[in-house]
Amino acid sequence: MTTEKKSVQVIAEIGCNHKGEMSIAKELIRVAAHVCKADIAKFQKRHNRELLSPEQFNAPHPVPENSYGDTYGAHREFLEFDKDQHQELLEECKINGIKYSTSVWDLTSAKEIAPLNPPLLKIPSATNQHYELQNYLCENFGGEIHVSTGMSTGKEIADLIKFYSERGRAKDLVVYSCTSGYPVAFEDICLLEIRNLMEKYGTQVKGIGFSGHHLGIAADVAALAVGRAMEADGKGKFTHIERHFTLDRTWKGTDHAASLEPDGLRRLCRDLKNVDMALAYKSTEILPVEQVQRDKLKWVAREHSFA
């Protein structure tokens, strides 16, 4: 059995769903905090000329109807906030009582965001083999480091855990089960990979999480159940669930279709909280709520014997 169970943290992955507009980004923070009751609002930070080759930067967007620029690089630049704007987003999060975070995709972005001292930074699946970037965070960032494992082999994940362990940062590390796709079909979510991660690494790291890009909220509740079952068996802590978040799934952009709108995220936060309370052992053989019914309804031999 577990000892003290901490509530799972829900991350509203805003990413670039703000469409490059600060007013929308702040509205997403406010809605995530007050309407949905999420715990963390997370963005993305990329230095696109560091991430992309000149050919990739100047190529057309692969899905032109989702593009905010004439080239893929121009599209990415349009959606990018600078470090001062991220400071502004962090302050907006503080005002609204929700934690700020961002994914840092490259070394330059890490160097810009780490000095803001957010409680956590995320390494996306795409760059979880970028060890220069992760070593910088190990040496220069004191908060939690979260890493997604989409598109990763078992050996790559094992090497990742070893990397953080060797640097004394494994106990600051949260590792996410993730299938990279937008959106992901139910048969590709593979929730039992949460079990694999917790079985292998749960006691070595601070936590295991789930990052979903699917439709609806049923799979997230199931992810919680898988994680809590492993936690009850002493296989570490299940700590975070992350979902993409938007104000309107019909907006232009790749991530909106795989995102939850406000009512969806609100329902998710509500359901996770309620189901988490239900995922427990009985504190006594007969619960107080049962005792009332037992006194009225339970057949007891001595009360039904006729001398």
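The charged end of Lys252 is placed over the Tyr68 ring, 4.3 Å from its centre. The model used in these exercises is a predicted one.

**Exercise 1.** Determine which ring pairs with Tyr68, classify the geometry, and state the burial of both residues.

*Solution.* 
1. The structure holds four aromatic pairs. In one of them, Tyr68 is joined with Phe78 at 5.4 Å centre to centre, with 10 degrees between the planes.
2. Planes under 30 degrees apart count as stacked, and the Tyr68 and Phe78 pair is stacked.
3. Tyr68 lies in the loop between helix H3 (54-58) and helix H4 (72-78), while Phe78 is in helix H4, 10 residues apart; the pair links distant parts of the chain.
4. Tyr68 has 19% relative accessibility and therefore counts as buried. Phe78, at 43%, counts as partly exposed.

**Exercise 2.** Work out how the buried residues of H8 are arranged around its axis, and what they pack against.

*Solution.* 
1. H8 covers residues 154-166, 13 residues in total, and reaches 18 Å from its first C-alpha to its last, close to the 18 Å expected at 1.5 Å a residue.
2. Its buried residues are Ile157, Leu160, Ile161, Phe163 and Tyr164.
3. Down the axis of H8 these buried residues fall within an arc of 155 degrees, so they line one face of the helix. As a general rule, an α-helix has 3.6 residues a turn, so residues three or four places apart point the same way.
4. Exposed residues Lys155, Lys162 and Glu166 are carried on the face of H8 turned away from its buried side.
5. The partners of the buried residues of H8 are strands E4 (120-123), E5 (144-148) and E6 (173-178), together with helices H7 (131-140) and H9 (192-201).
6. After H8 comes Gly168, whose phi is positive, near 70 degrees.

**Exercise 3.** Classify the ring pair formed by Phe163 and Tyr164, and name the cluster to which these residues belong.

*Solution.* 
1. The ring centres of Phe163 and Tyr164 are 5.3 Å apart and the planes stand at 80 degrees, so the pair is edge-to-face.
2. Phe163 is buried, its relative accessible area being 8%. Tyr164 is buried as well, with a value of 0%.
3. Ring pairs link Phe163 and Tyr164 with Tyr131 into a cluster.

**Exercise 4.** Identify the residue that lies over the face of Trp105 and give its distance from the ring centre.

*Solution.* 
1. The residue is Arg46, at 3.7 Å from the ring centre of Trp105.
2. The cut-off for a charge over a ring is within 6 Å of the ring centre and within 35 degrees of the ring normal, taken at CZ of Arg.

Terms used. Residues are numbered from 1 along each chain as its sequence is written. This is a predicted model: local features need pLDDT of at least 70, side-chain atom pairs count only at pLDDT 80 or more; totals for chains, interfaces and linings use all residues. Side-chain values use heavy atoms; hydrogens and water are left out. Helices (H or I, at least four residues) and strands (E, at least two) are DSSP runs, numbered from the N terminus. The expected span of a helix is 1.5 Å times one less than its number of residues. Buried means under 20% relative accessible area, exposed over 50%, partly exposed in between (1.4 Å probe, protein chains only). The arc is that of the directions from the helix axis to the C-beta atoms. Contact means heavy atoms within 4.5 Å. Rings of Phe, Tyr and Trp (its six-membered ring) pair if their centres lie within 6.5 Å; planes under 30 degrees apart count as stacked, over 60 as edge-to-face and the rest as tilted.
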